[in-house]
Amino acid sequence: QVQLVESGGGSVQSGQSLRLSCAASTLPLYTYTLGWFRQAPGKEREAIAYISAGGRTTDYADSVKGRFTLSRDGAALTAYLQMDDLKPEDTAVYYCAAAPSALRTEVLTTSIEKFSTWGRGTQVTVSA
């Protein structure tokens, strides 16, 4: 039902910041957990952050905790991933994805198989 488009990727130096956007073009995110995932060359896709359908609960992977912040706009049409203090190991293709959830629930859906809608990804490259 929802359509997702990522943007904001690019090439930066170590220690710099990027802000990724995930636009839900067709529906607001009130009935979805929104997740950010990344896949580095030669590695499996990993979950890095989630925000609840209610927009008030987030969770982060240990690898990005304290550096990345996931938020959502007031209309629940766009999610943002603020990426600070980027490191070379953050280099990956970043994807946003949506998992159907109860309306405005603060319970996160964190099973990757539940994420049924995915964006096409945006490249983030961090140089030392």
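Which residue in β11 is the bridge partner of A92? In β11, that partner is V124.

Some ground rules before that. This is a predicted model, in which local features need pLDDT of at least 70 and side-chain atom pairs count only at pLDDT 80 or more, while totals for chains, interfaces and linings use all residues. Residues are numbered from 1 along each chain as its sequence is written, and side-chain values use heavy atoms, with hydrogens and water left out.

When I say strand, I mean a DSSP run of E with at least two residues, numbered from the N terminus. Two strands pair if DSSP finds at least two bridges between them. Strand β9, residues 92-100, is joined to β11 by three bridges, and the two run antiparallel. Strand β2, residues 10-13, also pairs with β11, this time in the parallel sense and over four bridges. There, Q13 has S127 in β11 as its bridge partner.

Now the side chains of β11. In a regular strand the side chains alternate between the two faces of the sheet. Strand β11 covers residues 122-127, and T122, V124 and V126 point to one face and are buried.

Next, the charged residues. Side chains of opposite charge can pair when their charged atoms come close. A salt bridge here is a side-chain nitrogen of Lys or Arg within 4 Å of a carboxyl oxygen of Asp or Glu. By that rule the count is four. Which residues are linked in a network of salt bridges? They are R38, E46, R67 and D90.

Take R38 to begin with. Its side chain meets that of E46 in a salt bridge, at 2.8 Å from N to O. R38 counts as buried because its relative accessibility is 5%, whereas E46, at 34%, is partly exposed. R38 also forms a salt bridge with D90, where the closest N and O atoms are 2.9 Å apart. That pair links distant parts of the chain: R38 is in strand β4, residues 32-39, and D90 is in the loop between β8, residues 78-83, and β9, 52 residues apart. Both R38 and D90 are buried.

D90 has a salt bridge with R67 as well, at 2.7 Å from N to O. R67 lies in the loop between β6 and β7, residues 68-72, and D90 in the loop between β8 and β9, so this pair ties together parts that are 23 residues apart in sequence. R67 is buried too, like D90.

On to the nonpolar part. A nonpolar core is a set of buried Ala, Val, Leu, Ile, Met, Phe, Trp, Tyr and Cys residues joined through side-chain atoms within 4.5 Å. The largest one has 30 residues, and L34, W36, L81 and Y94 touch the most other members. Strands β3, β4, β5, β7, β8, β9 and β11 each supply at least two residues of this core. A second, separate core has five residues, including F37, Y50, A97 and F115.

For contacts, the rule is heavy atoms within 4.5 Å. Not counting residues up to four places away in sequence, L81 touches a list that includes L20, W36, I48, F68, L70 and Y94. S21, in strand β3 (residues 18-24), is buried because its relative accessible area is 18%. Leaving aside neighbours within four places in sequence, S21 is in contact with V5, E6, S7, W36, T78, A79 and Y80.

Finally, some loop residues. Is G55, at 27% relative accessibility, partly exposed or buried? G55 counts as partly exposed. G55 is in the loop between β5, residues 46-51, and β6, residues 58-60. Beyond its neighbours within four places in sequence, G55 is in contact with R72 and E106. The C-alpha atoms of G55 and G74 are separated by 8.9 Å, and the two residues are 19 apart along the chain.

A76 lies in the loop between β7 and β8. Its phi is near 60 degrees, a positive value in a residue other than glycine. A76 counts as buried, at 0% relative accessibility. R104, in the loop between β9 and β10 (residues 117-118), likewise has a phi near 60 degrees.

Key:
Buried means under 20% relative accessible area, exposed over 50%, partly exposed in between (1.4 Å probe, protein chains only).
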